[in-house]
Amino acid sequence: MKYDFTSIMERKGMDAFAVDSLGRAPGLAPEAPENGMDVIPMWVADMNFPACPTIPQAIMNRVKEPHYGYFEPRKEYYDSIIRWQETRNGVTGLKKEHIRYENGVLGGVISALNVFCSKGDKVLVHSPTYIGFTKSLSNNGYHIVHSQLVQDDAGIWRMNFADMEQKLKEERIHAAIFCSPHNPCGRVWERWEIEQFMELCKKYDVFVVSDEIWSDIILTGHKHIPTQSVSEDARMRTAAFYAPSKTFNLAGLVGSYHIVYNKWIQDRMDKESSLSHYNDMNLLSMYGLIGAYQPEGYEWADELCQVLTENVNYACQYISEHFRGVSVAQPQGTYLLFLDCSQWCKLHECDIEHVERAAWKVGVAVQDGRMFHGPCHLRMNLALPLSRVQEAMHRLDQYVFNA
Ligand SMILES: Cc1ncc(COP(=O)(O)O)c(C=O)c1O
């Protein structure tokens, strides 16, 4: 590997929520470990790899200029996004006027829904569900209508088209959130699946908010298909959201963007984002994106996907060989495992809280899957050096699942 995916970074005391908030945010963050064990952060969706070197370089070069006043996004910002989307996702016809900065993907999702819906409207969302959707939708007064994803005979999570159709029709729903790739199930949707979903949206006049924040983290053998690319109709009824934040671990810098081809939607979203007067780019996050989308960033992201594929393969194999009663669908994208512990809990006559507390106690800071509607599940982040993933598996083996 050209880049460093093996060093163990010491993030303690350096502003990392994933590490420093343990034991301090009840109901959200895991408990702190006991017995002097160190923390293996496997919950919040950020990564434990040093950033691609072109990112700090671009930021530091700008920081050296001692003036940080109001600014206009550089042409390079838009050109970098267009090049990235063309090269990674095969996007064609993308122009500066289709791209807008967003502080965060979640904020953008709500802006788009505010355009598509009136308050109190129902919004179709798949379940299991990313907790950010659940919270933002409820906080903004939308009613979530879940369509349950189902595992097929091979254990692959699939959309239930009949269920979605019934709900869209009977509940007269006109907006949906599509998480592609899917957090927490790790599905990279195939073209036919997206086509069929978008056909339903066309049939029932449903606007689509396509959250593609994970679209660069695709594991070996899979390919991301942008929702807007499956048909002309899809291109015009979808607001799509992207960011370098998951791919390059830049969430702390803040900065995402949307792509909207439909002029009416774009105008309405401009209006919506102007309401708070607070959807403006941060100078350093602009340089962060420009630094990330350099040729080195393309290589770095490729290596990252290889590293994550190895981690996922290792962890899934370890779990299936050693943790009887724990099952997991092999993710195709993201770095998240969604572990189903129902059988294990049944065999051991306990609940998921027992499992997570035992894991937290030995520093394996996994997340409670109930936040994502997994009734007896854990969500586990594998974006760490393989040696840390191995250590986590050994601790789970010794102290939790085979204690
Ligand atoms: C599917 C999905 N959307 C949005 C976000 C949050 O994005 P942002 O921090 O840009 O609001 C996350 C973070 O984990 C996510 O998994």
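Helices here are DSSP runs of at least four residues, and strands are runs of at least two. By that count, the protein has 15 helices and 15 strands. The model is a predicted one.

Start with the overall form. The C-alpha trace spans about 60 × 60 × 40 Å along its principal axes. The radius of gyration is 21 Å. A compact globule of 403 residues would have a value near 22 Å, so the protein agrees with that expectation.

Next, look at how the chain is packed. Buried means under 20% relative accessible area. Of the 403 residues, 56% count as buried. Residues 24 or more positions apart account for 73% of them.

As for charge, the protein carries 39 positive and 50 negative charges.

Four strands build it, in the order E11-E12-E15-E14. The sheet is open, and its pairing is antiparallel. Which strands stand at the edges? They are E11, residues 327-328, and E14, residues 367-368. Each has a single partner strand, so one side of each is left without a neighbour in the sheet.

E14 is joined to strand E15, residues 377-381, by two bridges. These two strands run antiparallel. Across the pair, Asp 368 stands opposite Leu 378 in E15.

Key. Residues numbered from 1 in each chain as written. Predicted model: local features only at pLDDT ≥ 70, side-chain atom pairs only at ≥ 80, totals over all residues. Heavy atoms only, no water. Rg over C-alpha atoms; globule rule 2.2 N^0.38 Å. Buried < 20%, exposed > 50% of the residue type's maximum accessible area, 1.4 Å probe, protein only. Contact = heavy atoms within 4.5 Å. Lys, Arg positive; Asp, Glu negative; His and termini not counted. Charge placed at Lys NZ, Arg CZ, Asp CG, Glu CD. Pairing = 2+ DSSP bridges.
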